[in-house]
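Visitor: I am new to this structure and would like to go through it step by step. Please show it to me.

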Amino acid sequence: MNENILLQETNKGGYTLAIIARFEDPFPVQYVIRVSTPEGTEVDYMSTLEGFKNIGELLTALHYFAQTKLYPKNAVRLREVLTAENIKNFAEVLKAAKFSV
């Protein structure tokens, strides 16, 4: 089995997230998300292409959304409104407008 690491990120805690292309002749290439602990334990997550698309869309939206710090005042209400769809919608607003205080 051959593997190419397409992207690898390690956080301050020493955990690593990697996107990997795994391939072996004559089978099609498989794409894997691998999480590794600082001790070296690895867990592979395989998804459908639709699943990867959904993950990618949310992560792209989070890139914009998370630039504005969000502090909870009402945890119950925040839990209701802090959804993937709302994050994606708000990220579109952030891309299209400039906020000032």
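Visitor: Which helix gives the most to the lining of the largest pocket?

Guide: This is a predicted model, in which local features need pLDDT of at least 70, side-chain atom pairs count only at pLDDT 80 or more, and totals for chains, interfaces and linings use all residues. Residues are numbered from 1 along each chain as its sequence is written, and side-chain values use heavy atoms, with hydrogens and water left out. Helices (H or I, at least four residues) and strands (E, at least two) are DSSP runs, numbered from the N terminus. With 4 residues, the largest share of the lining comes from α1.

Visitor: How much space lies in the largest pocket?

Guide: A pocket is an open set of points on a 1 Å grid over the protein atoms alone, where a 1.4 Å probe fits, with protein on both sides within 12 Å along at least five of seven lines; lining residues have an atom within 4 Å of a point. Grid points are joined across faces, edges and corners, and the volume is the space filled by probe spheres set on the points. For the largest pocket, that space is about 170 Å³.

Visitor: How do the residues of the lining of the largest pocket divide into nonpolar, polar and charged?

Guide: The lining includes L7, E9, L17, F52 and G56. Ala, Val, Leu, Ile, Met, Phe, Trp, Tyr, Cys and Pro count as nonpolar, Asp, Glu, Lys and Arg as charged, and the others, Gly among them, as polar. The division is 7 nonpolar, 1 polar and 1 charged.

Visitor: Which residues of α1 are buried?

Guide: Buried means under 20% relative accessible area, exposed over 50%, and partly exposed in between (1.4 Å probe, protein chains only). On the face of α1 turned away from its buried side are the exposed residues L49, L59 and H63. The buried residues of α1 are G51, A61 and F65.

Visitor: What arc do they cover around the axis of α1?

Guide: The arc is that of the directions from the helix axis to the C-beta atoms. The buried residues G51, A61 and F65 lie on the same side of α1, because their arc is only 100 degrees.

Visitor: Within what arc do the buried residues of α3 fall?

Guide: In α3, the buried residues are I87, A91 and L94. They line one face of the helix, because seen down its axis they fall within an arc of 60 degrees.

Visitor: What kind of aromatic pair do F65 and F90 form?

Guide: Rings of Phe, Tyr and Trp (its six-membered ring) pair if their centres lie within 6.5 Å; planes under 30 degrees apart count as stacked, over 60 as edge-to-face and the rest as tilted. The whole structure holds 1 aromatic pair. The centres of the F65 and F90 rings are 5.7 Å apart and their planes stand at 80 degrees, so the pair is edge-to-face.

Visitor: How many residues apart in sequence are the parts that this pair ties together?

Guide: F65 is buried at 15% relative accessibility, and F90 is partly exposed at 33%. F65 lies in helix α1 (residues 49-65) and F90 in helix α3 (residues 84-96), so the parts tied together are apart in sequence by 25 residues.

Visitor: Which residues does a cis peptide bond join?

Guide: P26 is found in the loop between β2 and β3. The cis bond there has omega of about 10 degrees, and the residues joined are D25 and P26.
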